Amino acid sequence: MALQLSRTGNQRQGTEDPTESLTKALASFKEALTAEQRKQFEDSTTVPDAGSVLFFVAQLDAENASKTRRSIAPRLCTFLTATQQFAGAVETFVSSHPETAALIWGGIKTAITVASNVASYFDKVTDMIKEIGLKCPTIEEFGQLYHGHVGLQRSLCEYYAVIVELCSKVIKVSRRTWHNQVFSSILSPFESEFGPYSQRLALSREQVMSQVSLASQQAAQEAKLLLEYESKENSSYRSSALNFFKISVHRQEEARQWQINKTKREKASMKIKIRQNLSPIDHIPPWKRILKQRVQSTAEWLVREDAFLEWNSSPDTSIPWCSGTMGTGKTVLMSNVVSFLHSSRRANDSVAHFFCQADNEPSLSARNILGSICRQLLDSLIERSSHEDLLSIENESERLDSNEIVEFLLSRLIMGRTYYIIVDGLDDCETVQIRQMARALEMIFQGKVGTMKIICAGRPDLEGELFKWVRPQYRIVVDQEKLTLDLDRFIVATLRDCMDEELLVFRDQKIITTIADVLRDGSKGMFLWAGLCIRDLCEKNCDEDILDALNHLPRGLAELFDSKIRQVQQGNDSHQAMDLLQYCGIVKRPLTLEEYREAFSVSVGDKSLNTKRLPNNMNRIVRGCFGLTFVDDEEYTIHYIHHSVKEYLFQRKDKEPARFNAKSITEHFGFLCMIYLNFANFSRQLVKVEKELVDPLLLGTSSIHPDSSYVKKLFWELQSSRKGRALRLLRCCDVAKSSGIVSSFL
């Protein structure tokens with residue numbers, strides 16, 4: 001009866017147009033435009049692909065370089081990516097309005113572009129878009145469910161109808177004169193004008209998630225009914241029921257629709273599986289994180305270098321090598337190369353990038369690096385493939401090693417096209433991974449498929465290992481002379497940011513000139529050194545202290561890091577700040593604020609989570625690291641400010657080796673994970689835990705190594721006592737995975 005009701009409900013839904021609210025919102029949006037804006041809107045109405053997001057934000061950054069101090073791309077990417085995915089999805093279930101996907105993308109682009117003409121207003125709009133993006137429902141969450149479920153389709157369209165209405169509001173507000181802008185900001189502040197839209201979006205998101213649950217149930221029901229139908233069709237029952245099914249034309253049509261929905265869901269699922277097979281790493285967040293550090297109008301000299309211009313215009317496959325010492329901004333340079341190539345790419349160009357992350361172990365694997373590049377370059381091919389082709393691609397993409405990934409890529413590239421590949425941070429990889437990358441470069445270079453443009457950046461000593469078999473045709477050296485103008489802009493912008501936030505306060509305004517001059521002269525081209533020194537100056541509370549600090553600045557990064565560690569040790573939160581610096585260096589992926597918060601509350605001997613011991617303010621602990629760590633404001637993960645911090649802390653041999661001994665810290669953190677999983681009030685457990693035969697707290701009191709047979713014996717006894725449950729829990733708990741001692745068993 002329940003299944004019959006569900007079918008009836010969906011049949012009733014099928015008679016309605018799920019895009020009705022969205023279509024009306026788009027019509028109202030178009031009416032709100034001036035003639036010039038309408039032309040801009042029409043020019044922007046193209047169906048977006050995965051590269052469209054980076055293309056648009058790169059252009060927007062270039063056009064607004066003189067209006068903002070920092071890149072605006074990171075604020076917009078998350079929301080625009082979700083919108084691009086929705087635009088791709090809406091095409092699959094809207095046959096009556098095939099232009100809807102292009103109109104949504106064009107409307108949002110137009111609203112953002114129009115808002116960019118009003119600088120102060122634009123900052124507020126982009127901040128609002130960033131917050132919406134963090135909560136925006138994404139097709140990745142339920143990509144295979146919206147096929148055939150009109151309720152989910154409608155709720156998604158209603159969500160984006162609110163987005164389009166918000167865009168109309170943005171257009172109208174941006175049209176006000178300067179005097180009206182000021183007057184309106186007094187009578188009706190930004191928050192009160194746009195607050196209702198945020199509330200409606202929150203309600204719409206709840207509706208979407210509710211429909212996701214219903215869609216999941218419907219998909220399961222349809223699969224069951226289709227199986228029953230096919231079973232009856234293929235059994236001896238078919239002959240006795242032939243007359244019934246002839247009469248039940250409706251049921252046959254219903255079964256046909258179930259099969260169509262099933263095929264669409266399978267296609268969506270296979271696309272996800274193929275992308276995961278190639279690489280599980282999202283290449284966008286690291287790029288956004290780096291762009292947040294970039295000051296507008298900096299890092300642009302490289303794309304104007306003769307070597308770069310010649311490489312970019314050459315019709316031949318070629319490799320430029322960009323080298324520079326630590327802290328000179330190579331990674332930021334490469335992030336701008338990514339933006340530049342996206343903003344200037346032609347219709348048949350493809351761009352892929354990868355930034356290795358020292359605190360994310362999977363990103364340091366040659367297999368994952370190459371897999372991510374392959375995934376990006378083949379994304380459009382995967383998206384438009386038929387069901388049969390996807391079956392083949394899924395099968396061929398499973399369990400590939402580094403060389404096989406390259407062969408897989410080369411076999412699917414198209415002759416006559418240009419493919420750009422940007423790779424940074426290979427210095428942080430193990431030697432064996434660098435050698436695999438070197439071999440892959442040789443294979444790509446000799447592949448003779450399309451024009452391959454590969455640019456790599458790193459420290460000078462990486463060149464010999466990376467280019468063993470293929471030599472770079474161009475060389476670009478990052479030196480102090482080329483960085484002078486960029487460094488000046490970086491120092492001034494960073495000082496202005498600190499002054500605006502009242503982190504740096506002084507009575508004599510002329511001091512800022514003195515600070516800028518001293519930092520420029522002492523930095524020797526190192527942005528990292530200058531930025532951390534400014535952080536130290538913010539701790540000073542009077543002009544005399546600031547001037548005194550300028551006279552005693554550390555010389556070089558090593559001396560600066562020494563000074564920072566002393567500050568951490570003398571700080572109010574020294575114990576937990578030192579723990580944070582230790583743990584950041586041994587986890588296999590960046591942990592979130594909440595994960596570290598719980599880790600700090602665990603001690604050897606605990607039987608349950610002591611909530612009274614949870615830190616009340618994790619940001620205070622991060623600040624207690626005096627600039628050596630920072631929090632990603634989208635993912636809420638904690639990172640070292642630069643990979644050189646980890647190298648300094650864990651590779652130095654002359655000072656406090658015990659405090660930053662990776663082996664002992666890894667063991668200790670592994671024990672904390674085991675204790676945490678054994679808590680009686682463990683809120684994330686998947687199954688009820690039986691009484692333990694072995695007390696895992698003993699693990700935390702034994703002086704052993706990760707490969708100790710005693711630890712393995714205790715571990716397997718613990719697993720046996722839970723009848724395999726402990727292992728399942730460990731595999732489901734990312735915090736436990738981050739520990740080397742735990743991962744050695746998995």
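**Entry 1: strands β1 and β5.** I began with W321 and found that its bridge partner in β5 is R475. Strand β1 (residues 320–323) runs parallel to β5, and four bridges join the two. I took strands (E, at least two residues) and helices (H or I, at least four) as DSSP runs, numbered from the N terminus. Two strands count as paired if DSSP finds at least two bridges between them.

**Entry 2: basis of the model.** The model is predicted: local features need pLDDT of at least 70, side-chain atom pairs count only at pLDDT 80 or more, and totals for chains, interfaces and linings use all residues. Residues are numbered from 1 along each chain as its sequence is written, and side-chain values use heavy atoms, with hydrogens and water left out.

**Entry 3: the sheet.** I noted an open sheet of five strands with parallel pairing, in the order β2-β3-β4-β1-β5. β2 and β5 (474–477) are at the edges with a single partner strand each, so one side of each lacks a neighbour in the sheet. Neighbouring strands are turned by 15° against each other on average, direction ignored. Helix α16 (residues 306–313) packs on the sheet and touches β1, β3, β4 and β5; its direction makes about 145° with that of β5. Contact here means heavy atoms within 4.5 Å; axes are lines fitted to C-alpha atoms, for helices over the stretch in contact, and angles run from 0 to 180 degrees between N-to-C directions.

**Entry 4: strand β3.** I then asked how many residues of β3 (residues 418–424) are buried. Seven of the seven are, so the strand is largely enclosed by the rest of the structure. Buried means under 20% relative accessible area (1.4 Å probe, protein chains only). T418, Y420, I422 and D424 lie on one side, and Y419, I421 and V423 on the other. β3 pairs in the parallel sense with β2 (residues 349–355) over seven bridges, and with β4 (residues 451–458) over seven bridges. I found Y420 opposite V351, while its bridge partner in β4 is K453.

**Entry 5: nonpolar cores.** I looked up sets of buried Ala, Val, Leu, Ile, Met, Phe, Trp, Tyr and Cys residues joined through side-chain atoms within 4.5 Å, which define a nonpolar core. The largest has 160 residues, and I515 is one of those with the most contacts inside it. Helix α9 (residues 150–174) gives the most to this core, with 14 residues. Another core, of 46 residues, lies apart from it and includes I434 and I454.

Methods: Buried means under 20% relative accessible area, exposed over 50%, partly exposed in between (1.4 Å probe, protein chains only).
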